Amino acid sequence: MLWVEEKTFIQRDEEGKVTHFQGLVVDITERKEAQKMLEIQRELGKELSTTWNLQTILSRVLDSCLQINGLDAGVIYLKDELLDQLNLVAYRGISPEFREKVSRYKADSLEARQILIGKPIYSLEFYSDTTVDAVKREGIKTVAIIPLKYRGEIVGSLNFASHTLDKISWNIRNFLESIALQVVNYIAPVCIQAELS
């Protein structure tokens with residue numbers, strides 16, 4: 001979808017008679033998308049401050065981020081210290097077969113090692129050779145892998161994908177990275193509390 005702003009100017013001759021109209025059309029799609037992202041982030045912050053239920057938090061994060069045009073699949077992983085792996089704990093927009101294939105990443109897997117480095121990844125090269133075929137069958141064209149860092153330690157990741165976009169734009173990248181910074185402060189304390197109980 002393309003958002004435009006139109007302006008029309010009346011052109012007059014020396015006697016003040018209208019001779020023609022002149023128009024200006026400006027593409028404001030990026031501005032509209034940025035406004036939408038700010039609104040989503042604000043609303044998500046309000047929603048997260050009202051719950052301590054982990055599944056509710058995870059669902060709200062996925063539902064909010066998937067409002068962005070082009071993002072149509074998302075999963076959240078949380079670190080399991082006991083089993084030394086990252087477990088898929090919430091998902092949207094993926095097939096059961098793909099979900100099974102990516103349901104956990106052992107600590108020594110390529111995917112887990114990359115997430116544990118702590119830097120966002122925007123490339124299908126994130127996936128190991130054993131997972132690439134499943135990604136192709138799923139029809140995923142691009143991904144955004146955003147590690148969740150809490151007090152200097154990686155506690156999980158937000159992973160989003162698109163079946164339509166060829167790349168994740170800079171404004172979507174900035175949005176997802178901001179969301180990760182925001183939501184980890186809700187997710188990590190709930191996980192810590194659950195471990196202590």
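Colleague: To begin with, how many aromatic pairs does the structure hold?

Modeller: Happy to. Please keep in mind that this is a predicted model. The structure holds 3 aromatic pairs. One of them joins Tyr-105 and Phe-126 in an edge-to-face arrangement, with 6.2 Å from centre to centre and 85 degrees between the planes. This pair links distant parts of the chain, since Tyr-105 belongs to strand E5 and Phe-126 to the loop between H4 and H5, 21 residues apart.

In H4, which spans residues 110-117, the buried residues are Glu-111, Ala-112, Gln-114 and Ile-115. Viewed down the helix axis, these residues fall within an arc of 165 degrees, so they line one face of H4. As a reminder, an α-helix has 3.6 residues a turn, so residues three or four places apart point the same way. What do the buried residues of H4 pack against? Their partners are strands E4 (85-92), E5 (104-106), E6 (142-150) and E7 (153-162), together with helix H5 (129-138). Just after H4, Gly-118 adopts a positive phi of about 95 degrees.

Rings take part in contacts with charge, too. The charged end of Arg-173 sits over the ring of Tyr-122, 4.1 Å from its centre. Arg-173 also lies over the face of Trp-170, at 4.6 Å from the ring centre.

Finally, the nonpolar surroundings. The largest nonpolar core has 34 residues, and Val-61, Leu-158, Leu-176 and Val-183 have the most contacts inside it. At least two residues of this core come from each of H1 (29-48), H2 (54-65), E3 (73-80), E6, E7 and H6 (170-196). Helix H6 supplies the largest share, 11 residues. Apart from this core lies another, of 21 residues, including Leu-88, Ala-134, Ile-140 and Ile-145. Leaving aside residues up to four places away in sequence, Leu-158 touches Val-61, Val-75, Ile-76, Ala-144, Ile-145, Ile-146, Leu-148, Ile-179, Ala-180 and Val-183.

Conventions
Residues are numbered from 1 along each chain as its sequence is written. This is a predicted model: local features need pLDDT of at least 70, side-chain atom pairs count only at pLDDT 80 or more; totals for chains, interfaces and linings use all residues. Side-chain values use heavy atoms; hydrogens and water are left out. Buried means under 20% relative accessible area, exposed over 50%, partly exposed in between (1.4 Å probe, protein chains only). Helices (H or I, at least four residues) and strands (E, at least two) are DSSP runs, numbered from the N terminus. The arc is that of the directions from the helix axis to the C-beta atoms. Contact means heavy atoms within 4.5 Å. Rings of Phe, Tyr and Trp (its six-membered ring) pair if their centres lie within 6.5 Å; planes under 30 degrees apart count as stacked, over 60 as edge-to-face and the rest as tilted. A charge sits over a ring if NZ of Lys or CZ of Arg is within 6 Å of the ring centre and within 35 degrees of the ring normal. A nonpolar core is a set of buried Ala, Val, Leu, Ile, Met, Phe, Trp, Tyr and Cys residues joined through side-chain atoms within 4.5 Å.
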